[in-house]
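Work through the exercises below with the sequence and the model side by side. Try each task before reading its solution.

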Amino acid sequence: MKNEIIKNNSNVPSASTPREITVGNKSTYIENLNELHYTEKTYNISTTVNGNIITSNIHPDNSRYNLFVLEGEEFAKGYFIIPREKCLLHLDKEIESEYSLVESISLLKCLEYPCLFVNRNETYKTAGNNQIAYFGYLAEISMTTDGCKFIFSIVCSLPQSIFNRYTSDFNLKKSRGENELDCIHWSIKKKNLIKAVKKLGYNVAAYE
């Protein structure tokens, strides 16, 4: 299988029977989309969450990526919620003004970026031996009384340890005692996540 995600048509297998396919020798493609259609750099994704079909159209923009750090999330139900006060933290100063929870246009732009989904490090600056990070995309962002709700699809898994080891390669902020993977939040990083991962010798099933 090639390094890139396959440009599929409506023959993609159903999400009710997900498959795991080895991509290279270091990551796994987790197939959990209902449908994926590709037309001139526009991707139409349909996925099911709680029995409801969620459909979105994205024009991939790999110049930035969404970082989600959660707590005890199994990434099995297709969505998660992050409190408002934990959203849009640790952005580079030059892009802070571009994003707002009250501006739908800026939130829609975030759907175009790839995503890194992780659970908080097991200990400061250190992932657990078997702790996994996930690569994927957002299908929808909405505001609820509990915070910001994200509906997502995961396509690859990677060892979380590489992001702690190479924080600067992924534009992750750090201090003497901790880094960004130690605190729950949503951030947008001005970095090409796909290139950074591939530079380290890992494959990702990505829209390019």
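Buried means under 20% relative accessible area, and exposed means over 50%. The model is predicted.

**Exercise 1. Apply the cut-off**

Task: Decide whether Phe75 is buried or exposed.

Solution. Take the relative accessibility of Phe75, which is 11%. The cut-off for buried is under 20%. Phe75 therefore counts as buried. Then check its backbone. Phi of Phe75 is near 55°, a positive value in a residue other than glycine.

Leu88 is found in the loop between S7 and helix H1 (104–110). Phi of Leu88 is near 55°, again positive in a residue that is not glycine.

**Exercise 2. Classify a ring pair**

Task: State what kind of aromatic pair Phe75 and Phe152 form.

Solution. Start with the whole structure, where a search finds 16 aromatic pairs. For Phe75 and Phe152, the ring centres are 6.0 Å apart and the planes stand at 90°. Planes over 60 degrees apart count as edge-to-face. The pair is therefore edge-to-face. It links distant parts of the chain: Phe75 sits in the loop between S6 and strand S7 (79–82), Phe152 in strand S10, 77 residues apart. Phe152 has 3% relative accessibility, so Phe152 counts as buried.

Phe152 has another partner to classify. Phe80 and Phe152 lie 5.4 Å apart, centre to centre, with 40° between the planes, and this pair is tilted. Phe80 is in strand S7 and Phe152 in strand S10, so the pair ties together parts that are 72 residues apart in sequence. Both Phe80 and Phe152 are buried.

Ring pairs link Phe68, Phe75, Phe80, Phe117, Tyr134, Phe150, Phe152 and Trp186 into a cluster.

**Exercise 3. Find the charges over a ring**

Task: Name which lysines lie over the face of Tyr79.

Solution. Check Lys77: it lies over the face of Tyr79, at 5.3 Å from the ring centre. Check Lys149: it also lies over the face of Tyr79, at 4.6 Å from the ring centre.

**Exercise 4. Trace the surroundings of Asn66**

Task: Say which residues Asn66 contacts beyond its neighbours within four places in sequence.

Solution. Locate Asn66 in strand S6. Its relative accessible area is 0%, so Asn66 is buried. Then list the contacts: Cys110, Tyr113, Pro114, Cys115, Leu116, Leu138, Trp186, Ser187 and Ile188. Asn66 and Tyr137 are 71 residues apart in sequence and 8.7 Å apart in space, C-alpha to C-alpha.

**Exercise 5. Count the disulfides**

Solution. A disulfide needs cysteine sulfur atoms within 2.5 Å. Cys87 illustrates it: the nearest cysteine sulfur, that of Cys148, is 4.6 Å away. Cys87 counts as buried, at 7% relative accessibility. Cys156 is buried as well, at 0% relative accessible area.

**Exercise 6. Step back to the whole chain**

Task: Describe the core and the overall make-up of the chain.

Solution. Begin with the largest nonpolar core, which has 52 residues. Phe117, Phe163 and Trp186 touch the most other members. Strand S10 (residues 147–159) gives this core its largest share, seven residues. Next, count elements: the chain has three helices and 11 strands. Read along the sequence, their pattern is β-β-β-β-β-β-β-α-β-β-β-α-β-α. Of the 208 residues, 50% count as buried. Last, take contacts between residues at least 6 apart in sequence: 65% join residues at least 24 apart.

Definitions and conventions:
Residues are numbered from 1 along each chain as its sequence is written. This is a predicted model: local features need pLDDT of at least 70, side-chain atom pairs count only at pLDDT 80 or more; totals for chains, interfaces and linings use all residues. Side-chain values use heavy atoms; hydrogens and water are left out. Buried means under 20% relative accessible area, exposed over 50%, partly exposed in between (1.4 Å probe, protein chains only). A nonpolar core is a set of buried Ala, Val, Leu, Ile, Met, Phe, Trp, Tyr and Cys residues joined through side-chain atoms within 4.5 Å. Helices (H or I, at least four residues) and strands (E, at least two) are DSSP runs, numbered from the N terminus. Rings of Phe, Tyr and Trp (its six-membered ring) pair if their centres lie within 6.5 Å; planes under 30 degrees apart count as stacked, over 60 as edge-to-face and the rest as tilted. A charge sits over a ring if NZ of Lys or CZ of Arg is within 6 Å of the ring centre and within 35 degrees of the ring normal. Contact means heavy atoms within 4.5 Å.
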